Amino acid sequence: MATKTFMAAIRDTLRQELEADPLLFVIGEDVGAYGGEMGVTKGLWEDFGDWRIRDAPIAETAIVGCAIGAAITGVRACPEVPFGDFLGVCMDQICNQAAKMRYMTGGQLAVPIVLRTTMGGYLNAAAQHSQSLEAWVAHVPGLKVVMPSTPGDAAGLLRSSLRDGNPVVFFEHKAMYGLKGEVSDDPEYTLPLGSANVVREGTDVTIVATGRQVHTATEAAQQLEQDGVSAEVVDLRTLAPLDTKTILDSVAKTRHAVVVTESWSFCGVGAEVAAVLADEGLAHLDGPVKRVGAKHVPIPFSPPLENYVLPSPGTVVEAVRGALG
């Protein structure tokens, strides 16, 4: 094991997979000599050259379209869209081409791409660079959607995504790139897609969280412990496929549930988790399922306003108290 930042865990995993597969390539805006808009690909161009680390124009449609076209010929591709806010620009490529190609060809064609992109606020990057749009792509059959919360999980889930053989959208929270944690040294280390992780055991309430909000939920759980409330925290890790069993098993034990996501609550991942609990876990619930997410407004630039709009440990604690009655 080694201590690495979230960013370094992703970069090192990309490097290992590029070394292992001479046909894998990365493509995106400034991913080459510049090292990527966020700095994730820094140093890869020097080691693998233009053919493997391909700079592209500021054209998300071209980046993802090129990756899909190459992938259906038999290579693996890792396109980078530096801001998830602009997934809408290439939504046809993602949702009408990559997601449907295997189905529409009766399995004759596969699209082994991992579209890496960013999400999230807390950096005062304003309304067009702070959104969490994971529900957009999780809604579409044929896509797998991954959202790690730690450097170790980022490495294991990225490697699994690159080897999966299906189109994966891999969300990286910008505010977590500097987060440090333990990462396996094993170049074969993987984590299964579709498997949630209980990061904190508890008995009174289950807090289901995604991405950076896993840390928010954990901090809230620590505050609740001081009031005698034992909170279990479940990190979904992947949104599609969704690990409903781990969610239901946890709620069967705690009998209360709160869902914390950074996206807007309306029509979001939290609503889907609440629906699963209503459909399959109602008999285990002794109170309402509460959701915590961004308030339904554009993400503000102003730091105080952004902090007000986005989830905090305090809003999670408040929701837990509401769930417990």
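**Reading contacts and strands**

Mentor: Once neighbours within four places in sequence are set aside, Ala2 is in contact (heavy atoms within 4.5 Å) with Gly181, Glu182, Val183 and Asp185. Ala2 and Glu182 are 180 residues apart in sequence, yet their C-alpha atoms are 5.5 Å apart.

Trainee: What should I know about the model itself?

Mentor: It is predicted: local features need pLDDT of at least 70 and side-chain atom pairs pLDDT 80 or more, while totals for chains, interfaces and linings use all residues. Residues are numbered from 1 along each chain as its sequence is written, and side-chain values use heavy atoms, without hydrogens and water.

Trainee: Is Ala2 buried or partly exposed?

Mentor: Buried means under 20% relative accessible area, exposed over 50%, partly exposed in between (1.4 Å probe, protein chains only). Ala2 is partly exposed because its relative accessibility is 22%.

Trainee: How do I read the two faces of a strand?

Mentor: In a regular strand, side chains alternate between the two faces of the sheet. In strand β11 (residues 231–235), a strand being a DSSP run of E of at least two residues, Ala231, Val233 and Asp235 are buried on one side, and Glu232 and Val234 on the other. Five of its five residues are buried, so β11 is largely enclosed by the rest of the structure.

How values were computed. Helices (H or I, at least four residues) and strands (E, at least two) are DSSP runs, numbered from the N terminus.
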